[in-house]
Amino acid sequence: MRIHKRFSEDNQVTLYNGDCLKLLKSIPDEVIDMVITSPPYCMGKAYEDPHDDIETFKKQHRDIFNDLYRIIKPGGSVCWQVGYHVSNKCIVPLDYIIYENFTSLSASRDIPFILRNRIIWTFGHGLNSSNRFSGRHETILWFSKGEQATFNLDDVRVPQKYPGKRAYKGPNKGNLSGNPLGKNPSDVWEIPNVKAGHIEKTDHPCQFPVVIPQRLIKALAPENGLILDPFMGAGTTGVAALLENRRFVGAEILKDYYEISEARLKDAASGELKIREDKPVIEPNENTAVAKLPEEFRKAREEIHEKD
Ligand SMILES: C[S@@+](CC[C@H](N)C(=O)[O-])C[C@H]1O[C@@H](n2cnc3c(N)ncnc32)[C@H](O)[C@@H]1O
């Protein structure tokens, strides 16, 4: 597979090492079927300027909006994955800013953005807070540019908990009540995040798992459609696009991460990249040593209850 550096609609893959705004300006009007991205949260990560703050986040989004809007096809989709900006013990939900920004900036256009879903992505592990409840979710806002053209629900159905359930009343009484292909995955997705030890982990500090863009692409982008990630990081959206036979264009400003993306896309194209498949999270086996309550914890709990 050839990786192109300059954008053309005919390219299978275009990877740009530089500012996404420059890439967006080189893309003609209405050629992108779908955008999936997770922008910097402006919180002092390795890839951010330490002076970046919530105002930087807002400005960055205002600056790219015109070109972003211009290059998306009518009926195309935009999926923006964000969490929270944390500063001075205060948390700011970034999806609130994106929602406000994208709906107000597109309101006066011929085809405004419409919010279709706010997906809650929940995961079991992360930092443990001692002064508030530990954060275990982020969100994905899915907008369509006008009426969305594609929604392939059957391609993303997930297993039912009780597939053998039957209708207990009405005309279908006694018949299986579910869809044979599985159920709608809903707007709450439980998917492990990419931490140390995850099969997909690279040197990038904030990857999302491949299955997130993969589900979104299967459901919302046409076969061979063109997918854009303006903040591609380790190239996860590109990997998902290749695995699902779609074309990809992405930008990454930092050389090290750009090179990770390049290597991952090549491995994905040759079938060598390892990814965690889209399967339900399994509850831990109660019989394993790590699942058992350690004696020290049992004693500590007893002591606390005795004090009560
Ligand atoms: C949250 S990370 C994206 C991670 C990605 N979803 C993944 O799974 O690897 C955001 C990325 O945007 C990059 N970035 C920041 N500003 C950028 C800009 N103006 N143009 C292109 N990339 C930028 C950062 O270097 C960082 O790698």
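Which residue forms a salt bridge with Arg-118, and how far apart are the closest N and O atoms? The partner is Asp-95, and the closest N and O atoms of the pair lie 2.7 Å apart, where a salt bridge is taken as a side-chain nitrogen of Lys or Arg within 4 Å of a carboxyl oxygen of Asp or Glu. The model is predicted, so local features need pLDDT of at least 70 and side-chain atom pairs count only at pLDDT 80 or more, while totals for chains, interfaces and linings use all residues. Residues are numbered from 1 along each chain as its sequence is written, and side-chain values use heavy atoms, with hydrogens and water left out.

- The bridge between Arg-118 and Asp-95 links strand E7 (residues 113-122) with helix H3 (residues 94-106), the two residues being 23 residues apart; helices (H or I, at least four residues) and strands (E, at least two) are DSSP runs, numbered from the N terminus.
- Arg-118 is partly exposed, with a relative accessible area of 39%, whereas Asp-95 is buried at 6%; buried means under 20% relative accessible area, exposed over 50%, and partly exposed in between, with a 1.4 Å probe and protein chains only.
- Asp-33 and Lys-73 form another salt bridge, in which the closest N and O atoms are 3.1 Å apart.
- Because Asp-33 belongs to strand E3 (residues 32-37) and Lys-73 to strand E4 (residues 72-82), this pair ties together parts that are 40 residues apart in sequence.
- In this pair Asp-33 is buried at 9% relative accessibility, while Lys-73 is partly exposed at 29%.

- Lys-59 and Asp-63 meet through their side chains in a salt bridge of 2.7 Å, N to O, and both residues lie in helix H2 (residues 54-71), 4 residues apart, or about one turn of the helix.
- Both partners are partly exposed, Lys-59 at 45% relative accessibility and Asp-63 with a relative accessible area of 38%.
- A network of salt bridges links Lys-25, Asp-29, Asp-67 and Arg-70.
- By the stated rule, the count of salt bridges comes to 14.

**Cysteines**

- The structure holds 0 disulfides, a disulfide being a pair of cysteine sulfur atoms within 2.5 Å.
- Cys-20 is in no disulfide, and the nearest cysteine sulfur, which belongs to Cys-42, is 12 Å away.
- Cys-20 is buried at 6% relative accessibility, and Cys-42 is buried with a relative accessible area of 2%.
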